Amino acid sequence: MKRPILLLSVLLLCLVAAPAVVVAQGEGVIEGQVMNGTADAPEDSVASLEVALYQVTDGSTELVTTTVSESDGRFRFQGLSTDEDILYRFELEYQGIVYGAESVFPSGDTVLHVVATIRETTSSDDLIVVDRHHLILDFASDAAFVRELYIFNNVGDRIYVGEEGTTLRFSLPDSAADVAFADSETAAEFVMTEEGLAYVRRAPPGETQVLYSYSVPYDGRELTLRRGTLYPTSNLDLLAANVGVQVETAQLTYDGLTAAGDDTYLHFAAEDVPAETAIELRLSGAPHSAAALPSMESSLVAALREAAPAMAVGLALLGALLPFAQLRLRRARPEAGTPGAGAKAEIVEEAGVETDTQREELLRLIADLDDAYEEGLLNEEAYRQLSDKMKKRLGETSTD
Amino acid sequence: MSDLGFFTLSLALGTTTYSIVGLALGIRKGDEGLTAAGKRAIYASAVFLTLAVLALIYVLLARDFQVEYVASHTSSDLALPYTLSALWAGQEGSLLFWTWVLSVYGTALVLSGRRASQSLSSYSSLVVACVLAFFLVLVIFVNNPFQRLDFVPADGLGMNPLLQNPAMIWHPPVVYLGYVGFTVPFALTLAVLLSGRLNDPYVPLVRRWTLVSWLCLGVGTVLGAQWAYVELGWGGYWAWDPVENASLLPWLTSTALIHSLMMRRGRGALKVSHIVLVVATFALCIFGTFVTRSGMISSVHAFAVSPIGLYFLAFLIAVIVGSTVLTLRRRAGLKGEDGSESLVSRSTALWLTIVLLVAAMAAILLGTLFPLVSDLLNVALTTDYFNLSSALILGPLILLMGICPFTTWKGGDSRGLSRRLIAPLAGGLLMAALLLLLGLRDPLGVVAFSVCAFVTVGTLLQFYSGLRSSRRASGANLLSALVSMLRKQRSRYGGYVVHLGIVMITVGVVGSSAYKIEESITLDQGATHTVGGYTLRYEGFSYLPSVGKDVATATLAVYERDKQVKQVAVLRPEKQFFHSSQQPVSEVAIRSTLKEDLYLALTGWEDASQRIALEVIVSPLVVWIWIGGGVLLVGAVLALWPARRREAVEQGTGLAVDRLGASEDTLTGEGGQR
């Protein structure tokens with residue numbers, strides 16, 4: 001007897017809970033398409049890939065369900081809530097790389113179309129080029145500080161995964177010390193190698209930016225800094241702080257002075273430098289201490305810039321006070337005579353002004369009235385009536 | 001150059017504070033010299049602000065990336081027109097642009113004020129100077145476009161790819177011209193209240209300023225809708241986004257204001273309805289900026305969120321409280337509102353128009369602000385709310401647009417009105433019959449298009465009867481009679497042209513929203529797909545690098561089945577990947593005809609097989625929205641340009657009537673419908 005009651009209770013519970021489940025599941029559908037972004041990829045690369053759907057609400061992520069892509073790369077999730085506050089994230093793995101994307105249902109729509117582009121990988125760096133390589137040199141009394149910025153471009157359509165866990169390579173001078181990165185997270189993306197540094201992140205098609213810095217000892221007499229290009233480089237720029245240090249190089253052309261902040265730099269540049277080109281920079285001469293020899297112009301400009309907001313406030317106050325001063329000066333003028341006489345004179349003058357204004361206004365009105373009559377906006381009777389009254393008033397004003 | 005820009009801004013602040021104190025002191029002490037100097041200081045502010053804008057343009061063109069604004073909104077490969085439009089692409093630049101436009105408007109107000117009374121001119125200049133000072137303080141101390149970085153970046157971050165569209169060169173400045181322009185009617189209204197000259201003619205004073213700002217805001221909004229249509233790639237043009245609503249709200253109240261300015265009782269003096277609508281319009285313009293910049297309500301336009309929103313909120317409160325207090329102080333002297341003994345009269349129709357416009361504004365404002373409380377109430381409003389409420393309110397408004405021109409000021413003659421409406425009604429019914437014959441069964445569509453036909457026939461009849469009387473009066477040929485009619489009654493016929501523009505926009509909105517066909521398809525090379533009478537054949541695909549971006553293009557031949565299948569177009573939807581941005585941008589391909597648009601957006605592709613994914617939309621009549629926007633522009637320009645002579649007549653006769661106490665009935669007006 002107990003068994004049927006238990007079954008009945010479960011059934012009842014299911015019936016009560018069913019609408020809630022239906023509401024929770026919703027009617028949203030995600031129609032997905034896996035595509036391979038590499039031109040010569042195998043045709044079946046998009047088939048049979050496991051796609052996982054996650055739901056992100058209020059910062060917490062939970063797995064909703066998984067599915068497998070069909071032979072043409074299509075996949076589909078259904079019974080989803082279309083709430084705009086829910087962010088759907090789907091992930092799939094191909095050749096050891098996890099691809100993911102996020103999306104929400106468009107307002108009022110129950111179908112969400114998503115496209116996931118996967119790519120083939122390559123360990124060849126033949127299609128890796130450097131669009132821009134900046135070398136920035138600053139000097140202290142005992143060292144030269146070097147910052148290097150690279151903008152790489154993977155011009156192929158495969159993800160460059162390198163060999164043995166490292167991808168892009170960077171050379172460092174023999175005497176380089178204190179190698180530093182923007183933050184600890186960036187530092188974790190590099191490993192030290194024999195020739196210098198190597199990147200551990202994969203380089204997808206498109207741009208990848210890398211920035212690091214280091215110092216080399218320099219006593220102000222002479223130093224030859226050897227640098228080299230490991231990849232074909234479109235633009236190579238050297239910026240050396242203009243603090244008295246002589247810079248000579250055969251591979252780069254001097255392009256004049258350039259300003260950066262309050263400092264100026266000697267600018268050297270080269271274009272379309274082939275891979276494995278040796279660059280030699282010969283430095284000589286002691287740097288001036290920036291603090292010891294400030295340029296008069298830059299310190300004046302800096303001081304003025306510092307004081308600019310205060311100057312704006314000052315000008316605003318000056319503007320506000322000036323009318324008071326003008327008023328006081330005007331009142332203090334001797335020709336005003338006795339207060340009573342002055343006041344009377346003002347009244348007479350004002351009355352004169354008022355009469356003049358009235359006369360001008362009446363003349364203008366009469367002219368306007370003539371125009372209105374000519375344009376047919378007034379009938380003759382109204383025109384004569386108004387015109388006569390105005391002319392009479394004009395006469396009165398003249399005799400006032 | 002950036003230092004010079006900052007310095008000129010500081011000088012502008014100095015001259016503006018001089019203007020405020022000089023005008024306030026001059027008015028209080030009756031010192032005309034000081035008042036005149038205060039007004040002249042506004043010219044100086046405009047000159048300094050012009051120099052500041054030129055300085056910002058210079059640093060943008062020189063690509064001085066040490067200036068933070070230049071580095072944040074441009075890059076060395078940005079095209080020249082977009083480098084110039086970067087002036088208003090970011091918050092700091094757009095605030096400077098706003099302030100400069102305000103100073104130019106202020107100068108024009110002072111210059112035009114020479115004909116108005118001294119005290120009105122002084123008070124209105126004072127109000128403009130106060131608003132100018134508020135914006136200058138923001139530009140100098142909170143959002144300075146000339147802020148410098150401590151280093152020089154090798155290149156700028158570039159402009160948001162979505163903003164790199166021709167519509168974005170014109171849309172923001174035109175909308176700003178509208179927003180800022182409403183400062184002038186606001187200043188003039190406060191000036192009337194402050195000076196106590198409540199019986200002076202108010203309508204001629206503010207009419208043209210209101211029309212100019214209304215026109216700019218309307219055209220700017222249509223330009224914005226077109227940008228969304230061609231750039232966002234979802235096939236729509238209006239998403240009821242808070243910022244879109246922010247430009248629509250003041251446009252609705254200003255439309256109500258224009259209709260309230262047509263009321264003729266009180267001989268054009270200031271009335272409470274004018275104050276309410278002017279202050280509401282100005283406050284809604286400030287509210288729009290608050291919405292964009294505060295991030296209080298999430299919006300796709302809220303590119304930059306900053307504490308500047310709080311300053312705008314404070315300013316908004318000051319505007320509303322200040323205007324309310326001032327109105328209450330002067331309430332005894334204000335003219336009564338128009339009313340009519342008859343229910344069927346022009347006054348009643350205009351009142352109904354104003355009420356409906358304000359109701360539409362209130363409904364949209366409620367929906368815009370609703371997200372603030374939706375979490376508390378656990379209820380969310382969808383776009384359906386906006387679509388339904390605006391259709392329910394604006395539908396009757398369109399109908400009213402067809403009836404109003406046939407009413408008379410005197411009213412009461414409902415039989416006469418019914419007789420005059422027979423032809424428009426016949427036009428509406430004919431349209432309904434035609435649509436039913438063509439197989440359209442959707443009641444909403446039939447009613448909407450029939451109402452549009454009713455209004456169109458009614459408006460064209462107004463032109464016809466005007467032309468007939470003009471020919472009878474002058475005996476001239478058709479063309480000279482038309483010119484003479486338009487020249488004599490520009491505002492009336494300009495208004496009718498605007499009405500025709502609104503009808504066209506309505507037709508476009510109804511057609512494109514109720515009968516849109518939308519499909520997401522994937523196509524293999526050489527495959528075809530048929531949608532809404534068109535057959536698409538996928539011809540080829542390319543992925544090519546371009547300046548600053550890579551472009552993926554699909555080529556599709558479009559065939560249309562008329563009597564026989566023929567190729568009508570080749571469309572090339574693109575997806576662009578800007579090097580400076582992670583965000584891909586759709587460059588949609590559209591085949592536009594008066595009947596419908598075929599809209600293709602490339603959503604994805606597979607390099608190996610060159611299979612493409614497309615969003616295909618057939619959007620009927622959508623082109624009429626843009627044509628309607630153009631007609632609206634023509635109508636408003638007709639009403640405005642060159643209206644000097646006519647306005648002088650109105651003002652002159654209005655003044656004469658007031659001063660000399662002549663009976664208004666002696667004026668013939670314009671066929672009894674002045």
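Strands here are DSSP runs of E with at least two residues, numbered from the N terminus. One such element is strand 9 of chain A, residues 128-139, and A:V129 has its place there. The model is a predicted one.

**A:V129 in chain A**

- Along the chain, A:V129 and A:L230 are 101 residues apart, while their C-alpha atoms are separated by 9.3 Å.
- With residues up to four places away in sequence not counted, A:V129 touches A:I151, A:F152, A:N153, A:V155 and A:P232.

- B:T74 counts as buried because its relative accessible area is 0%, and the cut-off for buried is under 20%.
- A polar atom of the B:T74 side chain lies 2.7 Å from the backbone oxygen of B:V70.
- Apart from neighbours within four places in sequence, the residues in contact with B:T74 are B:L60, B:F65, B:T83, B:A86, B:G156, B:L157, B:G158 and B:M159.

**B:A46, a helix residue**

- B:A46 belongs to helix 2 of chain B, which spans residues 32-61.
- The relative accessible area of B:A46 is 9%, so this residue is buried too.
- B:A46 is in contact with B:W100, B:S103 and B:T107, leaving aside neighbours within four places in sequence.

**Helix 15 and helix 18 of chain B**

- Two packed helices are described by the angle between their axes and the distance between the axes.
- For helix 15 (residues 383-403) and helix 18 (residues 443-474) of chain B, the angle is about 25° and the axes are 8 Å apart.
- Helix 15 of chain B is therefore roughly parallel to helix 18 of chain B, as angles under 35 degrees are classed that way.
- The crossing of helix 15 and helix 18 of chain B is left-handed.
- On the helix 15 side of chain B, the residues that meet helix 18 are B:I398, B:L399, B:M401, B:G402 and B:I403. Their partners in helix 18 of chain B are B:V451, B:F454 and B:V455.
- Sorted by class, the contact of helix 15 with helix 18 of chain B has seven nonpolar residues, one polar residue and no charged residues.

Technical notes. Residues are numbered from 1 along each chain as its sequence is written. Chains are lettered from A and ligands numbered from 1 in the order in which they are written. This is a predicted model: local features need pLDDT of at least 70, side-chain atom pairs count only at pLDDT 80 or more; totals for chains, interfaces and linings use all residues. Side-chain values use heavy atoms; hydrogens and water are left out. Buried means under 20% relative accessible area, exposed over 50%, partly exposed in between (1.4 Å probe, protein chains only). A polar contact is a pair of N or O atoms within 3.5 Å; within protein, one must be able to donate a hydrogen and the other to accept it, and residues adjacent in sequence count only if both atoms are side-chain atoms. Contact means heavy atoms within 4.5 Å. Helices (H or I, at least four residues) and strands (E, at least two) are DSSP runs, numbered from the N terminus. Axes are lines fitted to C-alpha atoms, for helices over the stretch in contact, and angles run from 0 to 180 degrees between N-to-C directions. Angles under 35 degrees count as roughly parallel, over 145 as roughly antiparallel, 65 to 115 as roughly perpendicular and the rest as oblique. A crossing is left-handed if the near helix is turned anticlockwise from the far one by less than a right angle, and right-handed if clockwise. Ala, Val, Leu, Ile, Met, Phe, Trp, Tyr, Cys and Pro count as nonpolar, Asp, Glu, Lys and Arg as charged, and the others, Gly among them, as polar.
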